[in-house]
Amino acid sequence: MVEETLDPADWETLRVLARRVVDDAINYTRDVRDRPLWQDMPPEVRTRFRSPAPQKGRPLAEVYDDLVTNLLPYPMGNIHPRFWMWYMGSSNFTGALGDFLAAIIGSNLGGGDHAAAEIDKQVVNWLKEMMGYPATSSGTLVSGGSMANLIGLTVARNQMSGIDLRELGLGALNAPLRFYGSDQIHSCHQIAVEAMGMGNRALCRVPSDAACRMDLAALHRVVANDRAAGLHPACVIATAGTVNTGAIDDLAAIADFCADEGLWLHVDGLHQQQGAIHVRFQRGSDR
Ligand SMILES: Cc1ncc(COP(=O)(O)O)c(C=O)c1O
């Protein structure tokens, strides 16, 4: 019986191609300054991305040539040193090698007794150490800021609800929960409160000052008004590096306010692609 396999027909041909890919990638990274930051795709290139799914396989080298011609010359531009459009992560060659090995080993990090799962836990522990978090705290690595914020805000919602919200659902709340962020807040927070079933109105946009930082007097006012209206203020989302200007809210003052008011503090930022860190301060306690 012939064994079916996804192995290449010839490992040596693969080795030659793989070396070419790495050489090209090094040159591409080294020579980034010599290329335009961005260029428009000619119509014939754009058309290639509209073609139907291929019915037959093609040699890998041919597919790679396609990428060299049709992908690499038309990047977003964010790895270019003159990419000044907005705040966005760049690439990193060491990280790319790590990604390559991660894809080679193909681990599932849902659990199991294996080294990749240990690395995952170790990185979270290192982050805790760097942030001065207690050893008993926990965390998880996610795909980026939007996912990190969604998870952090979900924890805030569940903890601040005063009920077993995971079991009972939003319908069992005594009063609608309210979250607060500056008007410079990233759009992923709106997506998060919508996905959490609280609705966009649950996210109050507090005006920002001339430096694009949250106006604390305004925060005090809106929280007091919401309490008076019978709503349930739950969480302040402070930003440590807004997407428009990189402004950093007055984190210490907001933390004091949250401690005094018994609110959850969620900090978005401290990242680019690594994700957000959320922090909770209880009234007069674990600061
Ligand atoms: C402050 C802030 N929060 C959240 C995000 C969303 O992160 P991601 O694009 O990784 O989902 C960004 C992205 O630029 C951001 O700048």
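## Helices α9 and α10

Helix α9 crosses helix α10 in a right-handed sense. In this predicted model, α9 spans residues 216–228 and α10 spans residues 251–261. Their axes are 11 Å apart, and the packing angle is about 20°. The pair is therefore roughly parallel, since angles under 35 degrees fall in that class.

On the α9 side the contact is formed by L216, L219, H220, V223 and R227, and on the α10 side by A253, I254, F257 and E261. Sorted by class, the contact of α9 with α10 holds 6 nonpolar residues, 1 polar residue and 2 charged residues.

C212 is found in the loop that runs between β2 (203–206) and α9. The phi angle of C212 is near 65°, which is a positive value in a residue other than glycine.

## Helices α6 and α8

Helix α6 covers residues 145–160 and helix α8 covers residues 188–195. The two axes come within 9 Å and cross at roughly 45°. At that angle α6 and α8 are oblique to each other. The crossing of α6 past α8 is right-handed.

From α6, the residues in contact are S146, N149, L150 and L153; from α8, they are C188, H189, A192 and A195. This contact of α6 with α8 comprises 5 nonpolar and 3 polar residues, with no charged residues.

## Helices α1 and α3

Helix α1 (residues 11–30) and helix α3 (residues 60–70) have axes that come within 11 Å and cross at roughly 10°. These helices are therefore roughly parallel to each other. Their crossing is left-handed.

In α1, the contact uses L14, L17, R20, V21 and D24, while α3 contributes L60, A61, Y64, D65 and V68. The class count for α1 with α3 is 7 nonpolar and 3 charged residues, with no polar residues.

## Domains

The domain assignment divides the protein chain into domain 1 (11–105) and domain 2 (116–279). The C-alpha centres of domain 1 and domain 2 are 36 Å apart.

## Confidence

The average pLDDT of the protein chain is 91, and 93% of the residues score at least 70. Over residues 272–287, however, the pLDDT is below 50. This stretch still has 53 contacts in the model beyond near neighbours in sequence. Where pLDDT is low, predicted coordinates should not be read in detail.

Notes. Residues are numbered from 1 along each chain as its sequence is written. This is a predicted model: local features need pLDDT of at least 70, side-chain atom pairs count only at pLDDT 80 or more; totals for chains, interfaces and linings use all residues. Side-chain values use heavy atoms; hydrogens and water are left out. Axes are lines fitted to C-alpha atoms, for helices over the stretch in contact, and angles run from 0 to 180 degrees between N-to-C directions. Helices (H or I, at least four residues) and strands (E, at least two) are DSSP runs, numbered from the N terminus. Angles under 35 degrees count as roughly parallel, over 145 as roughly antiparallel, 65 to 115 as roughly perpendicular and the rest as oblique. A crossing is left-handed if the near helix is turned anticlockwise from the far one by less than a right angle, and right-handed if clockwise. Contact means heavy atoms within 4.5 Å. Ala, Val, Leu, Ile, Met, Phe, Trp, Tyr, Cys and Pro count as nonpolar, Asp, Glu, Lys and Arg as charged, and the others, Gly among them, as polar. Domain bounds come from an automatic or database domain assignment. pLDDT is the predictor's confidence in each residue, from 0 to 100.
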